[in-house]
Amino acid sequence: MTEILFSQDSVNLKSAYDSIMALNTNTKEEVLTTFFKENQNHPDQLGLSLCYHEYSRKIFEKNINTAIRYAKQAIAIRAKYQDTSALSKSLYALGYYYKVKGDYVKSVDAYTKILDFGKQDNLCAKTYNSLGVIYRRIGDFDKTRTNFIKARQYFKKNKKNRLLFRNHIDMSQMYTKMGWSNDIEIISHLQQADSLLKNAEVSDLDKMRLYQILGGIYYKQEKYVKAIEYHTKALEVSQTIEDSSYIAMNYNNLGLVYKKYQEDDNALTYFDKALEYGKKDAQIQAMVFNNLGDYYIDRQDFRKALDYYHKAIVYTLEEETPVTYTTMPDIEDLKISPYKLEVLGYITDKANAWIAYYDYDTQKKYLEYALETFKIADLLVDIIRFESTEFQSKLFWRAQSASLYIKAVEVCFLLGKPKEAFYFMEKNKALLLLEDRTQEKAKADANLPEKLSEREFDLRRLIHLAEEELNKARSKTLPNIDIVRDVVYDRKNEYEKFIDSLETGYPKYHQYKRKLQVVSYEESEIFLNKNNQVAVYYILNDTDGYGLVVANGSPQFFKIPNVPELHNNINSLQQKIAIPLYTKADADAYQNVAYHIYKAILPIPEQTLLLDKQLVVIPDGNLQHIPFEALMSSPTNTDSYLLHQYSISYAYSLSFLKLNETVPRTPEYDFIGFAPVHFTDTTMVSLPRSSKEVTEIASLFSGDFYEESQASKNSFIEQASNYKIIHLSTHADTREGSSPWIAFYDDKLSLEELYATKNQADLVVLSACKTSQGELKTGEGVLSLARGFFNTGTRSVVSTLWNANEKSTHEIMTTFYKNLKKGETKASALQHAKRTYLQKYSGIEASPYYWGAPILIGHTDQVVMASDFYMYVLIGIGVLLITIWMWGYLRRKKQNT
């Protein structure tokens, strides 16, 4: 029989293969190995590929590496013979094997190849869903959502109710992974899943997942009786499935609820059962250990809690190291772990446990352990963020890391380590902006050919424009939204493939773009001293806040008192500053709140460091919504604005400032201004002063300007990229739920569209309303038009914090440019322009509403125009020639004597 099976003349390999699989012998695997070896050159290669494919599926649960090897052999043959239907099935199997193994990069690669064939069938839809599951596991939630939506379009259209049910469950699980519980999205998906429960022929496993998610949501809503009800249902279903890991998971969930419900005996009983059933599943055990850590923290048994937290980390990483709660996980193990999200939670819990232990026992060594643990967590956050390619996903992880960073700063404060605190404060500031600019710099550092560099930018530009179309389709609930969404998906896919090709062909590009140069405290001091500056950093959340003055050799680290009161005062100041101060009572109320904010965020001892220095503010949270110039240093002196004491500028971070300084800019022209004056959108009022403002400024620099219909959106996009100064005198706004925009004569330019442009400007002045306002993203900052211009290449931006007054803004802007023309730095030019305004006006017109809105963000140095540069060169040559002549004259005179 064996000889017939191995014969090269056999025309039906599949029949031979089936015969071997039917054998009831311990040597079946050896027979199969010989079968495949003898038939590797068989004429029926497609038949052989089918055998490889089938056997990979059979052996998968027993030996996943062998399954991968045989799937690859099937793929190699099917690709050679271009059997795309069969090839897709083998690629799907391979993607699944890698997904189970936790090798998500290779899994995504296999799944993506299926989509490259362009077939929109059931397998493609399942592939989209599988990609969604992978991206959910690595924390790239925006990609998760996109792929689930793509799959759902097919399932819904073709009435694949069971798959549609799973899709809704998968979406719900994504939202719960993100920490949501009450959001309308998650409720909608659960309701739709529930409506399919009866007619979708769902499996017991699907029902269990639904019950688990519902139990988890009720748990987060603190509805513990309902949570117990659904977790009990999930447990009962898992017991019918007879899968020990599922049973363990549900016992763990019940233990968690009973712990919160303060039924300790029940909680421990369920945790013990979870460990018993999950003894063969390291990830289940890790989850239970972490919950036991929480259990013992509540009981102030810190040693036991720390033991369990460390066990959770070790089991998640599947290490075989001794359990010692003072040790740290190896960063290399973290890099390759498929469970980074889980282990990040365990590491963070362990760090917080050290803080709790210190609060209980006040031993400084516990804080040192906490600090080292936070450093590991920070490294892991970076790894997770880099694995997320979507901007929205990165924003999610920036928000998650913010809570980690402020706790790390708290530890540094307790240890008296301001320089270590500086690092965590810096990591909490506009890191994605730094990342984007680092990627731009990487193209130059890696000597990427200009053609490829332009191609990379063009692909990104198309994505931004497609996303803007998607935003419009969403806001108007257009029927073609699925088509627009597909365009965004396809363009992102094309971009990723291009980047993959760059990273293969130009490995230095990949290496450089991942090197975020976060400056050290020492580097920041050197950078600031060069410009005679002092920086003030802030980090705060709803309840806690810290400040750090970065000065030459004298860092001053302070805790902000009563942060909830500070938030109330900031909100009050925002309301008062947005309108004129009509009465003395209004002015007194304003001074009172402005002084209290000043006292909270700039304590008296630190003021001496700021004398004769230019102040750079790196704000956080809602401090980003107020101008420090309009704070008051005295409770009684009505003219004690900080404007009179310091020239103040703002920065996203010193790391970004330092990097942005190195960007090469070679604009050909000095100045370009845009003043639409009137607008085709009749809801916007005309701005008659804007034309005068732009023409006056353009005359100072012999610049170009566009007004009325010439100041169109296309004119700006086509012309503005080659000027040193860009001035926009127009309308702008941002409203909740919509992207910031700035108006031109014929159309609005949105933030997404702005991202699709480039500029080389040393200075952009946005003489319009609320150009520093936008959506505030925790840990990242305000997504404003000002930030958008930095993203496209700008060095400095003057923008506004509220609705600008046309008359006062016109006066301040023209004076600002005259001061620049005299050679003043940007910071002093704006400071003196505002002070000049205050010298001219009093009473109501001296209210901060009229002069406080414009702020300077970025570099504060002089603006050297091309015409000025050549003049300086000529003067320099003249001085040199005179010096040479004088030297020669004196030498001859000496020789003659």
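The model is predicted, so local features require pLDDT of at least 70 and side-chain atom pairs count only at pLDDT 80 or more, while totals for chains, interfaces and linings use all residues. Residues are numbered from 1 along each chain as its sequence is written, and side-chain values use heavy atoms, with hydrogens and water left out.

**Salt bridges**

Side chains of opposite charge can pair when their charged atoms come close. A salt bridge is a side-chain nitrogen of Lys or Arg within 4 Å of a carboxyl oxygen of Asp or Glu. The structure holds 62 salt bridges. Three of these pairs are set out below.

| Pair | N to O distance |
|---|---|
| Glutamate 390 and lysine 492 | 2.6 Å |
| Lysine 419 and glutamate 522 | 3.6 Å |
| Arginine 795 and aspartate 762 | 3.2 Å |

The elements named here are DSSP runs numbered from the N terminus: helices (H or I) have at least four residues and strands (E) at least two. Accessibility is described as buried (under 20% relative accessible area), exposed (over 50%) or partly exposed (in between), with a 1.4 Å probe and protein chains only.

Glutamate 390 and lysine 492 form a salt bridge. Glutamate 390 lies in the loop between helix H20 (364-387) and helix H21 (391-415), and lysine 492 in helix H25 (residues 481-505), so the pair ties together parts 102 residues apart in sequence. Glutamate 390 is buried at 7% relative accessible area, and lysine 492 is buried at 13%.

Lysine 419 and glutamate 522 also meet in a salt bridge. This pair links helix H22 (residues 418-427), which holds lysine 419, with helix H27 (residues 521-530), which holds glutamate 522, across 103 residues. Lysine 419 is partly exposed at 41%, and glutamate 522 is partly exposed at 41%.

In the pair of arginine 795 and aspartate 762, the residues are 33 apart: arginine 795 is in the loop between helix H35 (785-791) and strand S15 (796-800), and aspartate 762 in the loop between helix H34 (751-755) and strand S12 (763-767). Arginine 795 is buried at 12%, as is aspartate 762 at 10%.

A network of salt bridges links Asp378, Asp382, Arg385, Lys394, Lys427 and Glu435.

**Helix H25**

Helix H25 has 25 residues and reaches 36 Å from its first C-alpha to its last, close to the expected 36 Å; the expected span is 1.5 Å times one less than the number of residues. Its buried residues include Val488, Lys492, Tyr495 and Ile499. An α-helix has 3.6 residues a turn, so residues three or four places apart point the same way. The buried residues of H25 pack against several helices (contact means heavy atoms within 4.5 Å), among them helix H7 (104-116), helix H8 (122-138) and helix H24 (450-475).
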